[in-house]
Amino acid sequence: GKLASYKKIKYLSQFDLKKLLEVLELGSTVNEDWLFLLMAKTGIRFSEALALTPADFDFVTQQVNIQKTWGYKDREGGFQPTKNKASQRRVSLDWKTNMQMAQLTQALSTGDLIFVKKKIYNSTLNHRLKRHCVRAGIPIISMHGLRHTHASLLLYEGVSIASVARRLGHA
């Protein structure tokens with residue numbers, strides 16, 4: 001037979017995620033690390049996270065409204081529709097992330113993009129995430145791996161597959 005090929009790790013354990021979150025540089029102003037935190041805590045897609053404005057957050061009900069994406073692959077960027085109808089959803093936030101996002105966005109206008117200030121590249125953010133993973137001493141994952149991590153941790157906690165699929169915006 002043939003030896004099994006190396007399979008790249010696509011998600012982190014709860015322990016490794018905790019180590020990653022500990023090395024993030026979460027200051028009082030928006031940076032890429034806040035994007036990593038939000039993606040890990042919600043499982044939203046990269047383009048969905050980029051399209052977020054303060055108006056998309058309902059801090060009273062602790063939810064973020066996903067209704068659009070950001071065309072980061074286009075030269076100019078711009079809002080685009082979600083991947084599919086099921087991708088339009090409200091995602092619950094834990095109380096700590098809710099409070100952190102409320103503080104982080106309070107100085108922004110409701111229509112301001114939170115994470116996009118200039119042209120943004122997925123590869124640049126994947127490289128920054130890789131540096132954090134190395135510093136934390138955990139397996140290297142991609143930005144999309146944060147989504148996989150979120151889903152796998154929910155399933156491990158006993159959340160139904162249907163609920164996880166709805167939360168991730170799967171049709």
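Select Asp58 first. At 25% relative accessible area Asp58 is partly exposed; buried means under 20%, exposed over 50%, and partly exposed in between (1.4 Å probe, protein chains only). This is a predicted model, in which local features need pLDDT of at least 70, side-chain atom pairs count only at pLDDT 80 or more, and totals for chains, interfaces and linings use all residues. Residues are numbered from 1 along each chain as its sequence is written, and side-chain values use heavy atoms, with hydrogens and water left out.

Asp58 and Arg90 form a salt bridge, with the closest N and O atoms 3.5 Å apart. The term requires a side-chain nitrogen of Lys or Arg within 4 Å of a carboxyl oxygen of Asp or Glu. Asp58 sits in strand β1 (residues 57-58) and Arg90 in strand β5, 32 residues apart. Helices (H or I, at least four residues) and strands (E, at least two) are DSSP runs, numbered from the N terminus. Arg90 is partly exposed at 42%.

Show all of β5, residues 89-92. Ile66 stands opposite Arg89.

Move to Arg128. Which residue meets the side chain of Arg128 in a salt bridge of 3.6 Å? Glu25 does. Glu25 lies in the loop between α1 (14-23) and α2 (32-42) and Arg128 in helix α5 (residues 122-136), so the pair ties together parts 103 residues apart in sequence. Arg128 is buried at 17%, while Glu25 is partly exposed at 42%. Select Glu32 too: Glu32 forms a salt bridge with Arg128 at 3.8 Å. Salt bridges that share partners join Glu25, Glu32, Asp33, Arg128 and Arg135 into one network.

Next, Arg147 in helix α6 (residues 143-156). Arg147 is buried yet has no salt bridge. A polar contact of 3.2 Å joins the side chains of Arg147 and His170. Such a contact is a pair of N or O atoms within 3.5 Å; within protein, one must be able to donate a hydrogen and the other to accept it, and residues adjacent in sequence count only if both atoms are side-chain atoms.

Last stop: Lys119 and Tyr121. Lys119 lies over the face of Tyr121, 5.2 Å from the ring centre. The test is NZ of Lys or CZ of Arg within 6 Å of the ring centre and within 35 degrees of the ring normal.

Note on methods: Pairing = 2+ DSSP bridges. Lys, Arg positive; Asp, Glu negative; His and termini not counted.
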